[in-house]
Amino acid sequence: MEPTKFDLAYLKMATEWAKLSHCKRKKVGALIVKDRMIISDGYNGTPSGFENCCEDGTGKTHWYVLHAEANAILKLAGSTQSAKDATLYLTLSPCKECSKLALQAGIKKIVYIDDYSDNSGIEFLKNHGIRILKISADQLL
């Protein structure tokens, strides 16, 4: 599957959104798009009301940091929008936990740049009929 000009544009926007993260170790951005409209966005970070510090003194990410896609999906819960049949654009492929959220939310396509350390989430999504498209950072230039 070849990326469309819209896939590239939304992925570029997700990379900009990632820059909003306060996390030092890894900054991740997410956009949820439906019918060519951005219906939600997110980046990795601490829950609302927490100090914007994602890592402990040793540089390890705190367990309670929310992933970008989880933030984007959760933001939809407080809106009138639905992720059913939407596309999720990510700078980093989803982990196992976020893959379950994406599937349950009704997302039908995932477009991402970099691979998460564990590809179980992507395999899970592929096995459940979700279209997956990896785009190299070079293609975004």
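Let's start with Lys109. Lys109 is buried, with a relative accessible area of 9%. Buried means under 20% relative accessible area, exposed means over 50%, and partly exposed is in between, using a 1.4 Å probe and protein chains only.

Before I go on, a word on the source. This is a predicted model, where local features need pLDDT of at least 70, side-chain atom pairs count only at pLDDT 80 or more, and totals for chains, interfaces and linings use all residues. Residues are numbered from 1 along each chain as its sequence is written, and side-chain values use heavy atoms, with hydrogens and water left out.

Back to Lys109. Which side chain does Lys109 meet in a salt bridge? That of Asp7, at 3.2 Å from N to O. A salt bridge here is a side-chain nitrogen of Lys or Arg within 4 Å of a carboxyl oxygen of Asp or Glu. Side chains of opposite charge can pair when their charged atoms come close. Asp7 lies in helix H1 and Lys109 in strand S4, so the pair ties together parts that are 102 residues apart in sequence. Asp7 is buried too, at 2% relative accessible area. Helices (H or I, at least four residues) and strands (E, at least two) are DSSP runs, numbered from the N terminus.

Now look at H1. Helix H1 covers residues 5-18, which is 14 residues. From first C-alpha to last, H1 reaches 20 Å, close to the 20 Å expected at 1.5 Å a residue. That expected span is 1.5 Å times one less than the number of residues. Which residues of H1 are buried? Asp7, Tyr10, Leu11, Ala14 and Ala18. Seen down the axis of H1, these buried residues fall within an arc of 105 degrees, so they line one face of the helix. The arc is taken from the directions from the helix axis to the C-beta atoms. What do they pack against? Strands S1 (29-34), S2 (37-43), S3 (87-92), S4 (109-114) and S5 (131-134). Contact means heavy atoms within 4.5 Å.

Asp41 is buried, at 17% relative accessible area. Lys75 is partly exposed, at 44%.

Another pair is Glu97 and Lys100, at 3.2 Å from N to O. Both lie in helix H3 (residues 96-105), 3 residues apart, about one turn of the helix. An α-helix has 3.6 residues a turn, so residues three or four places apart point the same way. Lys100 is partly exposed, at 43% relative accessibility.

Last, the cysteines. How many disulfides does the structure hold? It holds 1. A disulfide is counted when two cysteine sulfur atoms are within 2.5 Å. Here Cys23 joins Cys54, S to S 2.2 Å. Cys23 sits in the loop between H1 and S1, and Cys54 in the loop between S2 and H2, 31 residues apart. The link is left-handed, with -70 degrees about the S-S bond. Cys23 and Cys54 are both buried.

And Cys95? Cys95 is in no disulfide; its nearest cysteine sulfur, that of Cys98, is 3.8 Å away. Cys95 is buried, with a relative accessible area of 9%. Cys98 is in no disulfide either. Cys98 counts as buried, at 4%.
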